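Hi there,

Here is the structure I promised to pass on to you. Please have a look at it first, and then read my notes below.

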Amino acid sequence: MLSSPVIQPGYLFSQHSLGTYRRCKRRFLLKYVDRQPWPCLEDDNPLPYRQHLERGRVFHHWLARRHVGIDMGPIVRAHEDLDLRRWWREVERFDWCALPSGLREAELPVVVPIGAYRLYARFDLLALDVGGDAVIVDWKTLERRPSQRTLRDRMQTRIYLYALIAAGRVLTGGTPIAPDQASMLYWFANFPEETATVSYSEAEYCRDGEMLEDLIKEVANLPRDAFAPTDDVRQCAHCNYATLCHREAATPGVASAAGDDAVDWLDEDVDFAIELEQVQELDY
Ligand code: SF4
C-alpha cells in the first residue's frame with residue numbers, strides 16, 4: 001500500500017524545489033522534504049565546490065550592501081579572492097542607469113499563493129517604475145553561460161515573472177504591473193558582455209499560472225514511495241546525492257552531456273545557500 005502525501009497545505013515551493021522535482025523526484029525528497037545534508041560527491045575534491053558556493057554568497061552580499069549605499073571599494077580591494085575582485089570590477093561597469101529607477105529593492109523575498117500552497121521567489125534586484133517597466137535582475141556566478149532558450153524556459157524565469165505580476169499591486173502600493181512591461185535580466189559575472197533579457201506577456205502569465213498549479217498539485221498528491229530516482233543518469237552528474245543513490249558509477253562521461261543541467265545543480269546550491277540565510281520573509 002502506498003504511503004500518504006509528504007507535502008501539506010501551506011508548503012512553500014520555490015523555483016529550485018520545483019525545478020529539481022521535474023528533473024529528479026528523489027532529489028526533491030532528499031533536499032527539500034528530508035533536508036538530507038550531503039555536501040559533495042565523496043570522491044570529488046570538495047574545495048572548488050565550497051569555494052564556488054562561498055564566492056556566490058559573498059558576491060550577492062556585496063551587491064546587497066552596495067544597494068544600501070555602503071562604499072564597497074575598500075572591502076573589495078582588501079579581499080584576497082581574485083575572481084571576486086574581477087567580478088566586482090565587471091559589475092561596476094553594469095549599466096545601472098538603464099534600469100527603471102522609481103523603486104529599487106535588493107534581495108527581495110516574495111511569496112504568492114498557488115491554491116492551498118505558497119510559492120517563494122527572491123529577487124536579487126527589482127527595479128520598476130510604478131505604471132511602467134518592471135525588471136528583475138539576477139546576478140549569476142556560473143562558469144558557463146546557459147543558452148537563451150534554457151534561460152527562458154528555466155523554472156526560475158517562469159516563477160519569478162509570474163510572482164512579480166501576481167504580487168504587483170503589493171509591490172507598487174496599489175498599481176498592477178502589466179505582464180508586457182515585465183522582464184527578467186540575467187547578468188553573468190564571467191560573461192558580463194552577454195546579459196540575457198526575457199520578456200513577458202499576458203498569455204505567458206496565464207500559461208505559467210496553469211503550469212505551476214498543475215505541477216504543485218502533482219507534487220502535493222505524491223506519496224513518499226513515488227519520489228523515485230530519475231531514469232536520466234545525466235542528472236546524476238554533479239548531483240551531491242550520487243553516492244547516496246549509488247549513482248557514482250553511472251556518472252563518468254555524462255557530465256559534459258548534461259550541459260546546462262549539470263551547471264544548474266551548482267547554481268541551485270549557490271542560491272539555496274543564500275536563501276537559507278533569509279531571516280525575514282514578506283507575504284504578498
Ligand atoms: S544522484 Fe541522481 S537519482 Fe540520486 S538524487 Fe541525484 S539526480 Fe536523483
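What follows is a short account of what I found in it. Please keep in mind that this is a predicted model.

**The ligand**

The ligand takes up the space of the largest cavity. Around the ligand you will find Cys 24 and Arg 27, together with Pro 229, Thr 230, Gln 235, Cys 236, Cys 239, Tyr 241, Ala 242, Cys 245 and Arg 247. By type, this shell is made up of seven nonpolar, two polar and two charged residues.

Helix α9 runs over residues 202–220. Its 19 residues span 27 Å from first C-alpha to last, close to the 27 Å expected at 1.5 Å a residue. Buried in α9 are Glu 204, Tyr 205, Asp 208, Gly 209, Leu 212, Leu 215, Ile 216, Val 219 and Ala 220. These residues lie on the same side of α9, because they cover an arc of only 145° around the axis. An α-helix has 3.6 residues a turn, so residues three or four places apart point the same way. Arg 207 and Glu 210 are on the other side of α9, and both are exposed.

Helix α7, residues 155–166, is mostly covered, with 11 of its 12 residues buried. The buried set is Met 155, Gln 156, Thr 157, Arg 158, Ile 159, Tyr 160, Leu 161, Tyr 162, Ala 163, Leu 164 and Ile 165. From its first C-alpha to its last, α7 reaches 16 Å, close to the 16 Å expected at 1.5 Å a residue.

Phe 188 belongs to strand β5, which covers residues 182–188. Phe 188 has 0% relative accessibility and therefore counts as buried. In sequence, Phe 188 and Trp 87 are 101 residues apart, yet their C-alpha atoms are 9.0 Å apart in space.

**Two backbone angles**

Most residues other than glycine have a negative phi. Glu 107 is not a glycine, but has a positive phi of about 50°. You will find Glu 107 in strand β2 (residues 103–114). His 246, also not a glycine, has a positive phi of about 55°. His 246 sits in the loop between α9 and α10 (260–275). Is His 246 buried or exposed? With a relative accessibility of 67%, His 246 counts as exposed.

Happy to go through any of this with you.

Best wishes

Terms used. Residues are numbered from 1 along each chain as its sequence is written. This is a predicted model: local features need pLDDT of at least 70, side-chain atom pairs count only at pLDDT 80 or more; totals for chains, interfaces and linings use all residues. Side-chain values use heavy atoms; hydrogens and water are left out. Helices (H or I, at least four residues) and strands (E, at least two) are DSSP runs, numbered from the N terminus. The expected span of a helix is 1.5 Å times one less than its number of residues. Buried means under 20% relative accessible area, exposed over 50%, partly exposed in between (1.4 Å probe, protein chains only). The arc is that of the directions from the helix axis to the C-beta atoms. A residue is near a molecule or strand if one of its heavy atoms lies within 4 Å of it. On a 1 Å grid over the protein atoms alone, a cavity is a set of points where a 1.4 Å probe fits but cannot get out, and a pocket is an open set with protein on both sides within 12 Å along at least five of seven lines; lining residues have an atom within 4 Å of a point. A molecule sits in a cavity or pocket if more than half of its atoms lie within 2 Å of its grid points. Ala, Val, Leu, Ile, Met, Phe, Trp, Tyr, Cys and Pro count as nonpolar, Asp, Glu, Lys and Arg as charged, and the others, Gly among them, as polar.
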